[in-house]
Amino acid sequence: MNLDALKEINTNNPEILEQSAKDNNASESTITGIALFAANNGYDSLTPPQKYHFDNCIRPLIEDVQCSGYNHEFEEVPRECPATLDDEDLVEYYQNDGKYCDSCEGQASSDAHSKESFMRD
């Protein structure tokens, strides 16, 4: 569980928490409050009802986060990536509005390089 990533979400991307609350039929203010409290005091400081909301709405955002997958600009059908992002990459993931796993990042870099080479020629 990456509480630094949770702090990043709290500070710069609260809409992610709000969307997670909506997706789980929970109160947005409750989830954002629990997220702030947990980021500052740790998971063990939460009450059982707070832990329930944390586990359902917040934990999936800061633990075992799946790569969004890279899609070439000309592919019509999005590809799903089964990779899980490394825990240490989550802060950067939220700072950069998403990040790819190493495999997808490599493909994105390769495609960008190919496109740049093509445009130069």
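Author: Helices (H or I, at least four residues) and strands (E, at least two) are DSSP runs, numbered from the N terminus. In this predicted model, the protein chain has six helices and zero strands, and its elements run α-α-α-α-α-α from the N terminus on. Residues are numbered from 1 along each chain as its sequence is written. Because the model is predicted, local features need pLDDT of at least 70 and side-chain atom pairs count only at pLDDT 80 or more, while totals for chains, interfaces and linings use all residues; side-chain values use heavy atoms, with hydrogens and water left out.

Reader: What span does helix H3 reach from its first C-alpha to its last?

Author: The expected span of a helix is 1.5 Å times one less than its number of residues. Helix H3 (residues 28-41) has 14 residues and reaches 20 Å, close to the 20 Å expected. Just after H3, glycine 42 takes a positive phi of about 90 degrees.

Reader: Which residues of H3 are buried, and which exposed residues does the face turned away from them carry?

Author: Buried means under 20% relative accessible area, exposed over 50%, and partly exposed in between (1.4 Å probe, protein chains only). The buried residues of H3 are Ile31, Ile34, Ala35, Ala38 and Ala39. Seen down the axis of H3, these residues fall within an arc of 130 degrees (taken from the directions from the helix axis to the C-beta atoms), so they line one face of the helix. The face turned away from that buried side carries the exposed residues Ser29 and Asn40.

Reader: What covers the buried residues of H3?

Author: Contact means heavy atoms within 4.5 Å, and the cover includes helix H1 (3-12), helix H2 (14-23) and helix H4 (48-62).
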